[in-house]
Amino acid sequence: MAFELTINGKTVPVDAPADMPLLWVLRDIAGLTGTKYGCGMAQCGACTVWVAGQPTRSCLIPASALVGQSITTIEGADSDVAKAVQTAWIEQAVAQCGYCQSGQVMSAIALLERNKAPSDDDIDAAMNGNLCRCATYQRIRAAIKQAAATLA
């Protein structure tokens, strides 16, 4: 099945089965390997991208269902909020193995795009479902708070 997707503001032609998950279109067809495969069941958040600005697990959603919608991957996250989050992530030394980080960063940016001063509960709710097997949750929270302070 041939269709086009809008990924990071660019039109990308796709020739893939209609049920191919977005994750594999991003990685194997569009060559955007920043989004990671984690559990394959939309449970861990490693594959989080934005669809129409909302954090979305890309491992289960069929890419063909997203025609006409804007898809943003970690490679396309370049707003002031994204830069503040990425800087805070580095300064707080959040990444350990790093595997979950693109999904974590995408969820953190989405949180700060809609809530410039999140509470601990807001952070916990927004990051719920983004699992980190290295358990850097305290550093993630600190990085989000640092990014929020930078943006204030």
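User: Before we start, what counts as a disulfide here?

Analyst: A disulfide is a pair of cysteine sulfur atoms within 2.5 Å. This is a predicted model, where local features need pLDDT of at least 70, side-chain atom pairs count only at pLDDT 80 or more, and totals for chains, interfaces and linings use all residues. Residues are numbered from 1 along each chain as its sequence is written, and side-chain values use heavy atoms, leaving out hydrogens and water. So, back to your cut-off for a disulfide: within 2.5 Å.

User: How many disulfides does a search of the whole structure find?

Analyst: Take C97: its closest cysteine sulfur, in C134, is 3.7 Å away, so that's too far for a bond. For C132 the closest one is in C100, at 3.9 Å, again too far. Searching the whole structure, the number of disulfides comes out as zero.

User: Is C132 buried or exposed?

Analyst: Buried means under 20% relative accessible area, exposed over 50%, and partly exposed in between, using a 1.4 Å probe and protein chains only. C97 has 46%, so it's partly exposed. C132 has 7%, so it's buried.

User: Which residues of helix α4 are buried?

Analyst: Helices are DSSP runs (H or I, at least four residues), numbered from the N terminus, and α4 spans residues 120-127. On the face turned away from the buried side sit the exposed residues D121 and A125. The buried ones are I123, A126 and M127.

User: What covers those buried residues of α4?

Analyst: Contact here means heavy atoms within 4.5 Å. The cover includes α3 (101-114) and α5 (137-151).

Conventions. Helices (H or I, at least four residues) and strands (E, at least two) are DSSP runs, numbered from the N terminus.
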